[in-house]
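Hi,

Here is the structure we talked about handing over.

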Amino acid sequence: MIISMTNDYPQRYIYTERERESNSEEKRLFAFSTLFCRRFHSETDQNGMWWPCGRNGGSSFSSSSTAEQVTEGIDGTGLTAIVTGASSGIGAETTRVLAMRGVHVIMGVRNVVAAKVVMEAILKEIPNAKVDAMELDLSSMISVRKFALEFISSGLPLNILINNAGIFGTPFKLSEDNIELQFATNHMGHFLLTNLLLDTIKRTTHESKKEGRIVNISSSGHQWLNYRGGILFDKINDESSYQKFCAYGQSKLANILHANELARRLKEEGVNITANSLHPGAIATNIHRYNRILTGIPGVVKRLLNLVIKNVQQGAATTCYVALHPEVRGISGEYFADNKIAKANSLGRDIDLAKKLWDFSMNLIKVEYLVPIVDADGILRE
Ligand SMILES: NC(=O)c1ccc[n+]([C@@H]2O[C@H](COP(=O)([O-])OP(=O)(O)OC[C@H]3O[C@@H](n4cnc5c(N)ncnc54)[C@H](OP(=O)(O)O)[C@@H]3O)[C@@H](O)[C@H]2O)c1
């Protein structure tokens with residue numbers, strides 16, 4: 001069984017039952033997930049609630065805090081944010097809570113029908129919410145360029161970019177740009193999008209005199225699910241080396257390295273824009289649609305896991321905290337988890353690896369410059 005799979009999910013990504021059955025990586029992932037869901041220790045949070053996961057030493061919030069709690073009292077009026085993958089899960093909740101705080105949110109989505117449902121629910125709850133949706137397929141560089149061009153032509157400012165969309169553990173597939181699909185969607189699409197929107201963020205920061213924030217949603221999976229060396233630069237598209245969960249870890253490591261190198265460059269340039277990455281927690285969302293990790297397990301184990309996994313309101317908290325909270329002002333090039341600064345693994349802190357990935361990604365984009373570009377009217381131009 002696949003968790004909460006939407007009926008209108010594109011057929012081309014559906015994983016067959018036979019592929020699923022034959023994959024022994026599932027077992028490895030289960031072992032990983034128990035580590036992923038951090039160790040137990042009981043504590044009482046700021047609401048007097050017992051919570052089996054840990055509190056944050058010195059931070060205002062605990063791992064059980066929700067996105068609403070971490071943004072309580074923050075006025076985001078006048079800010080504009082893009083949230084990618086806002087049609088479900090963490091992205092949808094992030095959109096709702098940012099909109100609740102007065103932020104104008106542009107949802108970057110490939111599933112426009114699902115996005116409309118999310119928007120309608122938000123507007124029903126928050127009638128004065130400013131929420132729009134624009135089509136964006138991060139696995140396609142042409143789609144990313146089209147989205148960026150449309151956004152830039154709209155003349156809207158951009159204070160916050162939340163690179164949230166993601167896929168997890170997909171069978172091997174190349175994107176339309178001939179890049180392995182998880183790397184293409186989770187990293188390359190966001191890398192290109194960020195580059196294309198950076199001038200807009202810089203201009204907004206300059207004109208509004210408000211800090212710009214770029215937030216990459218990574219995963220603690222970068223620590224447990226990785227290829228030797230972290231990124232298979234020489235074999236990024238090699239099907240015979242492909243392991244679906246390692247490829248996810250690789251793309252999530254890339255999210256961290258991207259934020260780190262971007263932060264370094266922004267600091268060097270002296271602009272008032274931060275770039276950070278984060279692990280949102282383990283949350284039962286649509287992302288597990290290809291794998292049975294949270295569904296095909298015995299009831300007793302599932303009940304134990306339920307004690308440590310977060311709900312989506314808690315899952316969106318670290319994103320909203322890093323995107324909006326004044327405590328995070330001026331902090332850049334950090335990795336967050338549970339609403340506080342955490343430590344990525346040694347690969348995630350490797351400065352040379354981050355530079356290498358930057359050059360590698362730039363190169364892939366440059367190759368793509370040869371592909372015709374779509375303008376804001378959807379017209380292909382050389
Ligand atoms: N849930 C967890 O346990 C967990 C743990 C660690 C990290 N994360 C990270 O959290 C982020 C959000 O995941 P989630 O748990 O909220 O999963 P989700 O509910 O599946 O949301 C992922 C979103 O990304 C979108 N997306 C996928 N491929 C896309 C593409 N090519 N172009 C544009 N959008 C695309 C999906 O759109 P569709 O609806 O069209 O598929 C969906 O809106 C991901 O980056 C994930 O790696 C999640």
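All 5 of the 5 residues of strand E3 (residues 80-84) are buried, so the strand is largely enclosed by the rest of the structure. Buried here means that 20 or more other C-beta atoms lie within 10 Å of a residue's own; exposed means 12 or fewer, partly exposed is in between, and C-beta atoms are placed from the backbone. Helices (H or I, at least four residues) and strands (E, at least two) are DSSP runs, numbered from the N terminus.

Before going on, please keep in mind that this is a predicted model: local features need pLDDT of at least 70, side-chain atom pairs count only at pLDDT 80 or more, and totals for chains, interfaces and linings use all residues. Residues are numbered from 1 along each chain as its sequence is written.

In a regular strand the side chains alternate between the two faces of the sheet. In E3, Thr80, Ile82 and Thr84 point one way, while Ala81 and Val83 point the other way.

E3 has pairing partners (two strands pair if DSSP finds at least two bridges between them). Strand E4 (residues 104-109) runs parallel to E3 and is joined to it by 5 bridges, with Met107 as the bridge partner of Val83. To get from E3 to E4 the chain passes through helix H4 (residues 89-100), in a right-handed β-α-β crossover. Right-handed means that, with the strands pointing away from the viewer, the path from the first strand over the helix to the second runs clockwise. Strand E6 (residues 160-163) is also parallel to E3, joined by 3 bridges, and there Leu161 stands opposite Ile82.

**Asn272**

Asn272 sits in the loop between helix H9 (244-269) and strand E8 (273-279). Asn272 has 18 other C-beta atoms within 10 Å, so it is partly exposed. Its C-alpha atom is separated by 6.7 Å from that of Thr205, 67 residues apart along the chain.

**Overall**

The protein has 13 helices and 12 strands, and 50% of its 382 residues count as buried.

Best wishes
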